[in-house]
Each structure stands twice: as structure tokens, then as C-alpha cells.
Amino acid sequence: MRRPAGVVTAGVLLLLLGLFGLLMIALQVLGLTLARAPQTVLFPHGEQVLFALDAVFAALCLLCGWIAVDLFRMRAWARYAAMLLGVLLACLSGMAAVIMLLLSDFMPLATPRVSPEGMHAILTVVGLFYFAVGLLALWWVIYFNFASVRRAFAEAAARGGENSAQPILGPAQMVVWITAFFSILGSAFLVIMSWLGLPMFLLGWVAHGPAALLLELLWACLLLYSGIGLFRRWRGGWLLALGLQLYSLLAVLLLLVPGYAARLLAMSGEMQ
């Protein structure tokens, strides 16, 4: 079976990424378990939130390993999954790059050993690193759409008795799947927030107590409905997802308003 060099490289990288992620998660869980200090908790139930996030990231690491194995086996679904992971990585890296660059420009952070100028340089370098990772992820998506790569997977499917006439996963369908995935994941995270009693942030306003609980559960239901609706192609789910994305865009644009980022930092202090 002919395997393109890029496919083999992608499989190896995914395996290494999954193993490295599991190692980092194990070290973090071990550190949180052995070193329980009050000053390390950023907000109430902070450790529970980190453990929940670790469980999600561990599942993603295991998924990377599964995709890598089926890339070596030249399975058609693995090519689509690799492209989807590439788009997810590009989106997350792009958002991380924007956040790092905004932090370096609008939030002059400093530590006892690092000056504000040094912190600005560090955040800028980290932001550029995330930007480079995003570009590599985009190249990954483009590579798996090369005609030669598609032909190699189709030939492998034909030899394996699979149906080689696989539907093409277009950019629009990728965006829909990514939005649905993050919507369902976000709904689960909001349920965890409501269970832990964390406050709810809405465009510069913060809710506590029963108000936060109701808002988090309501927002979780909206995200869950929109995610399922996108997967099932419900018109109501599509319209709701569009509205939620416009809200998210507004929340990001507000970070450019002078003083808004500082206000968010002040409100986050209420969680400590």
C-alpha cells in the first residue's frame, strides 16, 4: 500500500502530540495532587475545573492517537478527521495568538523578576509562535486536499473493499462541524461552571449566585441546541448558532475598546 510521505509524517506527529499531551496532563494532575496550596487556587473549585479540562484534553489526545493509527492504515475517515483537527488547531492557535498580542499591548503585566517591557516581549514571541502553528495547521488542511493525497486514499479504499466514492468535505461543512463541536463542548463546560458556582460574564457584566446559575444553564441549553441543530441541519439550530457567533464576535471586538480589558481583569479578581 502506497503511503504518501506527508501522511506518514502527519501520523507520526499526531502520535507524538497525543503522547506528549497525555504526559503533560499526567504531570499536571500529579502536581495538583501533591502540591495543594491555597495560593495556587485562582478561583473557588479551581482544581475541579482543571481536572475537568484535563479529562477533555485527554480524550482529544486519545483521539489524535486513533486518527494517527488509521492514517497509517489509509482510512478515508482519518483524512477527514485530520483536516478537521487542522482547522481546529488553526482556529485555536489564531485565537491564542490574538489573545497573547492583546495582552502584550493592553495589559502591561509584570512579575518581580520580569519588567513590563520583558513581559511584552515574551507575550509577543508567544503570540507569534501560536500564529506560526496556525499557519502550519492551515498547510496541513491544504495538503490533505491535494489531488495526489485524495487519490492515494481512494486507491487504498478500493483495495480494501470500501466505497471509494467518499463525499468531499468542503470548507462550509468543516465550519459547520467545528461550530457544532465547540457548541456542544461549551454547553458541557457551562454545566460544570454552574455546578461549581462560578460567576457568569456577559459583555462586561458579571452575575453571581442564582442569577449566574440560571444564565449558565440557559446558555448551556442554547449551545447544546445549536450544536445538535447544526449536526442535524435544523433551521432553528442554524439561526441560533449564527446569533451566538455574532455575540462571540461582539465580545472579542469589545476587547479593543479602551479600558474594557482592564475592567475584565478587575471583575476576574472577584472570583479569587
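Buried means under 20% relative accessible area, exposed over 50%, and partly exposed in between. The model used in these exercises is predicted.

**Exercise 1. Describe the overall make-up of the protein and the confidence of the model.**

Step 1. List the elements. There are nine helices and two strands. From the N terminus, the order is α-α-α-α-α-α-β-β-α-α-α.

Step 2. Of the 272 residues, 33% are buried. Among contacts with a separation of 6 or more, 68% join residues 24 or more positions apart.

Step 3. Read the confidence. The average pLDDT is 76, and 72% of the residues score at least 70. Helix α7 (residues 209-232) has the highest mean, 89. Helix α9 (residues 260-268) has the lowest, 63.

**Exercise 2. Find the salt bridge and state how accessible its two partners are.**

Step 1. Count. The structure holds one salt bridge.

Step 2. Name the partners. Arg73 pairs with Asp70. Their closest N and O atoms are 3.4 Å apart. The cut-off is 4 Å, so the pair qualifies.

Step 3. Check accessibility. Asp70 has a relative accessible area of 5% and is buried. Arg73, at 43%, is partly exposed.

**Exercise 3. Determine the geometry of the Tyr143 and Phe146 ring pair.**

Step 1. Recall what describes such a pair. It takes the distance of the centres and the angle of the planes.

Step 2. Apply both. The ring centres of Tyr143 and Phe146 are 5.7 Å apart, and the planes meet at 70°. An angle over 60 degrees counts as edge-to-face, so this pair is edge-to-face.

Step 3. Tyr143 is buried at 16% relative accessibility. Phe146 is partly exposed at 31%.

Step 4. Widen the view. Trp139, Trp140, Tyr143, Phe144 and Phe146 form one aromatic cluster. The structure has seven aromatic pairs.

**Exercise 4. Which residues of α5 are buried, and how are they arranged around the axis?**

Step 1. Check the helix length. Helix α5 (residues 147-159) has 13 residues. Its end C-alpha atoms span 18 Å, close to the 18 Å expected at 1.5 Å a residue.

Step 2. List the buried residues. They are Val149, Ala152, Phe153, Ala156 and Ala157.

Step 3. Recall the helical repeat. An α-helix has 3.6 residues a turn, so residues three or four places apart point the same way.

**Exercise 5. Work out the two sides of α8 and what covers its buried residues.**

Step 1. Check the length. Helix α8 (residues 235-253) has 19 residues and reaches 27 Å, close to the expected 27 Å.

Step 2. Find the buried face. Gly237, Ala241 and Leu244 are buried. They fall within an arc of 65°, so they line one face of α8.

Step 3. Turn the helix over. Arg235 and Leu246 are exposed on the other side of α8.

Step 4. Identify the cover. It includes α7.

**Exercise 6. Relate Ser183 to helix α7.**

Step 1. List its contacts. Beyond four places in sequence, Ser183 touches Leu223, Leu224, Ser226 and Gly227.

Step 2. Compare with α7. The buried residues of α7 include Leu223, Ser226 and Gly227.

Step 3. Check the span of α7.

Step 4. Look past its end. Arg233 follows α7 and has a positive phi, near 65°.

Technical notes: Residues numbered from 1 in each chain as written. Predicted model: local features only at pLDDT ≥ 70, side-chain atom pairs only at ≥ 80, totals over all residues. Heavy atoms only, no water. pLDDT = per-residue confidence, 0-100. Helix = DSSP H or I, 4+ residues; strand = E, 2+ residues; numbered from the N terminus. Phe/Tyr/Trp six-rings, centres within 6.5 Å; stacked < 30°, edge-to-face > 60°. Buried < 20%, exposed > 50% of the residue type's maximum accessible area, 1.4 Å probe, protein only. Salt bridge = Lys/Arg side-chain N within 4 Å of Asp/Glu carboxyl O. Expected span 1.5 Å × (residues − 1). Contact = heavy atoms within 4.5 Å. Arc of directions from axis to C-beta.
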